[in-house]
Amino acid sequence: MATGKINVSVENIFPLIKKFLYSDHEIFLRELVSNATDATLKLKHLTNIGETAVEYGNPIIEVKVDKEAKKIYITDQGLGMTGEEVEKYINQVAFSGAEEFLEKYKESAKDSGIIGHFGLGFYSAFMVAEKVEIITKSYKDEPAVHWICDGSPEFTLEPSDKTTRGTEIVLHIAEDSLDFLEDSKIRELLKKYNKFMPVPIKFGTHKENLPVPPDAPVDYQPEEVEVDTFINNPNPAWTKQPADLTDEDYKTFYHELYPTQFEDPLFNIHLNVDYPFNLTGILYFPKLSADLQVQKDKIQLYQNQVFVTDNVEGIVPEFLTMLRGVIDSPDIPLNVSRSYLQADGAVKKISNYITRKVADKLKSLFNENREDFEQKWNDIKIVLEYGMLSEPKFYEKAGSFVLYPTVDGKFYTLEELKENLKDTQTDKDGKLVVLYASNKDAQHSYIVSAQEKGYQVLLLDSPIVSHLIQKLEADNENVTFVRVDGDHVEKLINKDELQISKLSEDEKEKLKTALEEIVPKQNYSVQLEALDSNAAPFIITQPEFMRRMKEMSASGGG
Ligand code: ADP
Ligand code: MG
């Protein structure tokens, strides 16, 4: 048996770890399972390249809880460590890693965000354990060793009689962390962080019926057996090539990601790039609920199949945070603050790449099957319109697939719309006048009236539409948008003769006076001349600019 003392400068590391990372205690399990995974994949690599003659087999990782003894075990069948390697990697490397991490953490402790997600590694075990043991046998032909450390810088290292290859970590759970001894808690954490890790992770067992033999009698009682329970899917869809996946596979994976989501996604976008940064993933356009209550924080960020966070702010452009799915990239710096993340060049590139991919996919969907695209328009328009307003790069591309639907179900791109209106809907200055309704029911009579004059009326009913119109007008000098109940409608050149009211002058005057008593004069104007027998007996309009001002201030400006 040997004892030793870990580098003195880290004497205070354990209380610091506990204090600074209090809210993140649960990451210990992710870190230890990640190490077990790394050790397994390293062995796989060594056997692949013929570096070692050992049999790789079908290694698994096992997590076990012994509630009575207050212990948690994490066992792998990976490459293991020799005594020398324990000295080097655990006592020196891991410690200095933890120390470095804490330095960084202290600097920006106030900037709570993504920080604390990664970087502490092995020593995060001491956030929940008062004593940690490592029992490990290397794939190299060397005796197994047993390392014990109670959180002070002293440790012991002694021979072990372990005969199988791999590493077992034993955590003696501290009194203030006993809730981690609940099976349900551990299962929840494994499901959260390790659901898609590349090596099978066993946690407990469950009963299953053996298949019924084909010649079984009617009253056959299937035989029940105890089988291992595996937490993870080691080969999630995003790690595969798009060519190897069917539409059905993408849908299945969507439901695996969101087990409580019943609706199928509208379509998916497979991300796959390895230069100048590494990123894979699948984004889904979900069917948005009718009330347009957009749920954010649905995209999950992974690093090499390890879950990191579901807050991708700063990495994914904001308008795309309404999507769902997975992004996996080892190139996103994680133990840094959000403000740093937003300024980081690599991260900006990633965000631009995602924007471009989404725009390209939308364009190809539009080109391949326009009818289908039109049918989905209502569910995707919010995201796209928001994207046009917030991302110049997206706006540039959006012209080729963003649609402007009419109240009677036709869809135009902006260019098609211009072409369509140029002979019929211009004002005296030759400007195209795009009529639109924002509410089909409330503006029904105005719509009918305009249609009877042969005008096209768009239906633009998303909450940000006034901002979008503002932008389109700014970029298309020759186009003006007028709501169908707005005061500009009568300035259209191509309008029919005004309908002449059948009322007498006296009756008209009375009606007008009566109406003006009900509607506030400063906001609206009452018109009796533009009557239309089939639509409404009179028209009340509101100046376009007044309405827009109100709408823009209601939706927060910008
Ligand atoms: P990192 O994983 O980032 O290298 P850690 O602190 O998590 O940092 O681990 C330190 C080192 O300890 C690892 O690089 C590895 O060499 C070794 N190690 C930890 N866990 C295991 C394990 N289960 N099997 C083999 N080696 C391990
Ligand atoms: Mg690690």
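## Briefing on a predicted protein chain

V402 sits in the loop between α9 (392–398) and β15 (404–405). This is a predicted model, in which local features need pLDDT of at least 70, side-chain atom pairs count only at pLDDT 80 or more, and totals for chains, interfaces and linings use all residues. Residues are numbered from 1 along each chain as its sequence is written, while chains are lettered from A and ligands numbered from 1 in the order in which they are written.

**Overall make-up**

- The protein chain has 14 helices and 21 strands; helices (H or I, at least four residues) and strands (E, at least two) are DSSP runs, numbered from the N terminus.
- Of the 558 residues in the protein chain, 34% are buried. A residue is buried if 20 or more other C-beta atoms lie within 10 Å of its own, exposed if 12 or fewer, and partly exposed in between, with C-beta atoms placed from the backbone.
- Among contacts in the protein chain with a separation of 6 or more, 68% link residues 24 or more positions apart. Two residues are in contact if their C-beta atoms, placed from the backbone, lie within 7 Å.

- V402 is buried, because 22 other C-beta atoms lie within 10 Å.
- Apart from neighbours within four places in sequence, V402 is in contact with L384, M388 and T413.
- V402 and T413 are eleven residues apart along the chain, and their C-alpha atoms are separated by 6.0 Å.

**Positions listed in the record**

- Under "binding site", an unreviewed UniProt entry lists E31, N35, D76, M81, S96, G97, T167 and R338. UniProt positions are given in the numbering used here, feature names are shortened, and annotations may be inferred rather than shown by experiment.
- E31 belongs to helix α2 (residues 27–48), and E31 is buried because it has 21 other C-beta atoms within 10 Å.
- The contacts of E31, leaving aside neighbours within four places in sequence, are L120, G121, F122 and S124.
- M81 is in the loop between β3 (71–76) and α3 (83–107), and M81 is buried because it has 25 other C-beta atoms within 10 Å.
- Not counting residues up to four places away in sequence, M81 touches V86, Y89, T136, S138 and T167.

**The largest nonpolar core**

- A nonpolar core is a set of buried Ala, Val, Leu, Ile, Met, Phe, Trp, Tyr and Cys residues joined through C-beta atoms within 7 Å.
- The largest such core has 115 residues, of which A125, L171, I201, I282, L435, Y436 and V457 touch the most other members.
- Helix α2 gives the largest share of this core, eight residues.
- V457 touches T406, V407, L435, Y436, A437, I447, A450, Q451 and V484, not counting residues up to four places away in sequence.

**Backbone exceptions**

- Most residues other than glycine have a negative phi, and most peptide bonds are trans.
- The peptide bond from Y275 to P276 is cis, with omega near 0°, and P276 is in the loop between β10 (267–273) and β11 (279–285).
- K70 is not a glycine, yet has a positive phi of about 55°. K70 lies in the loop between β2 (61–66) and β3 and counts as partly exposed because it has 18 C-beta neighbours inside 10 Å.
- N304, also a residue other than glycine, has a positive phi near 50°. The loop between β12 (299–303) and β13 (306–309) holds N304, which counts as partly exposed because it has 17 C-beta neighbours inside 10 Å.
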